[in-house]
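My notes follow in the order I looked.

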Amino acid sequence: SAQSVTLAEANEDQTALTLNWTDAAEGLENAVAEYTLYVNAGAADIFSEPQTYDLGIEKTKAFTNKELNDLALQFGIAEATTGNLKFLVYAEADGFEAVQSNELSVSVTTYKETFVGPANLYMLGSATDFGWDIENALVIPMKSGEQNIYEATGITIRLTPNDVGFKFFFSGDWSDSRFFGQDPSGEFGAMAVKQGDGFEFQ
C-alpha cells in the first residue's frame, strides 16, 4: 500500500512515519527472527545501494520529520518537493530460509531547512594577514540579535594575482569542515556554504 507524508521543520523532532510488521518467525519452532530495513529511492532497485537499518528483533521503526527529510534528500528528492521512497523488511532466522516483505512506497514532501550559522566564523586565507594557520584565524562573532549576520572591521585584504584566497570557517579547530566561500554561480560577493577543499572567496 502507498502512503504520503508531508514533513515540516517545525516538527523536526516529532515522529513522521512509523513502520510496523508481524513476526516472521511466528509458527516456527524455536526460531527468533532478526530484521533489516532497506530504504531506497522510489525508482531504484531496493537492494541497489540502499540505506539499511539493522533492527535486531524489533518489529517497528520510526522516523522523525528530520530523519525522513534527510533520508529523502539523500536519495535525490530536492528540498520542498515531493518524491517517493520505498521500504522493505528482510527477515532472517537461524536454520530457516530468509524472507522479505512486500515493498512499501511512501510519497514524501520535503522541507527546506532554515540555515543557522555558527556562533563564530574564523577567517583565514593567503590574502589576509592571518594566513592559513587556524590558530591565527580572525574570530568574527555573530551579531547579537541578528541571525546569520557577522561583522568585522579593519581587515586588510591583499587582492593580488598570487594572494586572493580567503574563507570563513565554521570552527576554530577544523572539527567542522564547512565554510563560507564565494558562490561560483553567483555575483562577486555572493556566499555559499561549502565543505572540504576549494571554493576560495576570490
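I started with Val 39 and found it opposite Gln 51 in strand S4. I then counted the bridges: 5 join S3 to S4 (residues 51–56), and the two strands run antiparallel. Next I checked strand S6 (residues 82–92), which is joined to S3 by 8 bridges, also in an antiparallel arrangement. There I noted Ala 91 as the bridge partner of Tyr 35. The model I am reading is a predicted one.

Is S3 buried or exposed? I looked up its residues, 34–41: 7 of the 8 are buried, so the strand is largely enclosed by the rest of the structure.

I turned to charges. The structure holds 6 salt bridges. I looked at Lys 66 and found its side chain in a salt bridge with Asp 70, at 3.4 Å from N to O. Both sit in helix H1 (residues 65–74), 4 residues apart, which separates them by about one helical turn. Asp 70 is partly exposed at 32% relative accessible area, and Lys 66 is partly exposed at 28%.

Lys 66 also meets Glu 113 in a salt bridge, 3.1 Å from N to O. Glu 113 lies in the loop between strands S8 (104–109) and S9 (120–124), so its pairing with Lys 66 in H1 ties together parts 47 residues apart in sequence. I have Glu 113 as partly exposed, at 31%.

I also logged Asp 176 with Arg 178: their closest N and O atoms are 2.8 Å apart in a salt bridge. Last, I traced shared partners: salt bridges join Lys 66, Asp 70 and Glu 113 into one network.

Technical notes: Residues numbered from 1 in each chain as written. Predicted model: local features only at pLDDT ≥ 70, side-chain atom pairs only at ≥ 80, totals over all residues. Heavy atoms only, no water. Buried < 20%, exposed > 50% of the residue type's maximum accessible area, 1.4 Å probe, protein only. Pairing = 2+ DSSP bridges. Salt bridge = Lys/Arg side-chain N within 4 Å of Asp/Glu carboxyl O.
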